[in-house]
Amino acid sequence: MELTSDSSDDMHSDYCRVCKDGGELLCCDSCPSAYHLHCLIPPVKKIPEGDWKCPRCKVSVNTF
């Protein structure tokens with residue numbers, strides 16, 4: 001998992017997939033998506049330890 005603030009050397013999105021705003025974002029370890037902690041459902045209170053998969057990637061993994 002990575003928390004970024006508009007990093008240009010990163011392949012992750014510079015805006016939240018939910019609200020489309022920038023800032024400090026939690027980056028998915030499986031795709032380029034990034035999210036604000038408070039935009040996730042349910043909201044995340046602190047940065048998760050280890051690898052983190054966004055809701056879309058979690059669904060993709062669980063459907064196979």
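Student: OK, C19 then. Is C19 buried, exposed or partly exposed?
Tutor: C19 counts as partly exposed, because its relative accessibility is 37%. Keep in mind that this is a predicted model.

Student: Where is C19 found?
Tutor: In the loop between β1 and β2, where β2 covers 24-27.

Student: And what does C19 touch, if I skip residues up to four places away in sequence?
Tutor: H36 and C39. In sequence C19 and C39 are 20 residues apart, yet their C-alpha atoms are 7.2 Å apart in space.

Student: Two cysteines touching, hmm. How many disulfides are there in the whole structure?
Tutor: The search finds 0.

Student: What about C27, how far is its sulfur from the closest cysteine sulfur?
Tutor: 8.8 Å, to the one in C28, so that is too far for a bond as well.

Student: Are C27 and C39 buried or exposed?
Tutor: C27 counts as buried, because its relative accessibility is 0%. C39 also counts as buried, at 14%.

Student: Back to H36. Where does H36 sit?
Tutor: H36 is in the loop between β3 and α1, and α1 is 55-62. H36 is buried, since its relative accessible area is 7%.

Student: What does the side chain of H36 reach?
Tutor: The backbone oxygen of G22, at 2.8 Å. Beyond four places away in sequence, H36 touches C16, C19, D21, G22, G23, E24 and L25.

Student: New topic: which peptide bond is cis?
Tutor: The one from I41 to P42 is cis, with omega near -5°. P42 is in the loop between β3 and α1.

Student: Let's go inside. Which residues make up the largest nonpolar core?
Tutor: That core has 9 residues: L26, C28, C31, Y35, L37, L40, W52, C54 and C57. Apart from it lies another core, of 5 residues, including C16, L25, A34 and C39.

Student: Which contacts does C57 make, leaving aside neighbours within four places in sequence?
Tutor: C57 is in contact with C28, S30 and C31.

Student: How many aromatic pairs are there?
Tutor: The search of the whole structure finds 1. Y35 and W52 form that pair, which is edge-to-face, with 6.0 Å centre to centre and 80° between the planes.

Student: What does the pair tie together?
Tutor: Y35 lies in strand β3 and W52 in the loop between β3 and α1, so the pair ties together parts that are 17 residues apart in sequence. Y35 is buried, with a relative accessible area of 4%, and W52 is buried too, at 8%.

Student: I also clicked on S33. Buried or exposed?
Tutor: S33 counts as buried, because its relative accessibility is 9%. You'll find S33 in the loop between β2 and β3. Leaving aside neighbours within four places in sequence, S33 is in contact with H12, R17, L26, C27, C28 and C54.

Student: Zooming out, what is the order of the elements from the N terminus on?
Tutor: They run β-β-β-α, which comes to 1 helix and 3 strands. Of the 64 residues in the protein chain, 33% are buried.

Student: Last one. Which element has the lowest mean pLDDT?
Tutor: Strand β1, residues 2-5, with 53, while strand β3, residues 34-35, has the highest at 97. The protein chain has a mean pLDDT of 86, and 78% of its residues reach 70 or more. Where pLDDT is low, the predicted coordinates should not be read in detail.

How values were computed. Residues numbered from 1 in each chain as written. Heavy atoms only, no water. pLDDT = per-residue confidence, 0-100. Helix = DSSP H or I, 4+ residues; strand = E, 2+ residues; numbered from the N terminus. Buried < 20%, exposed > 50% of the residue type's maximum accessible area, 1.4 Å probe, protein only. Contact = heavy atoms within 4.5 Å. Disulfide = S-S within 2.5 Å. Polar contact = N/O pair within 3.5 Å; in protein donor to acceptor, adjacent residues only side chain to side chain. Core = buried A, V, L, I, M, F, W, Y, C linked by side-chain atoms within 4.5 Å. Phe/Tyr/Trp six-rings, centres within 6.5 Å; stacked < 30°, edge-to-face > 60°.
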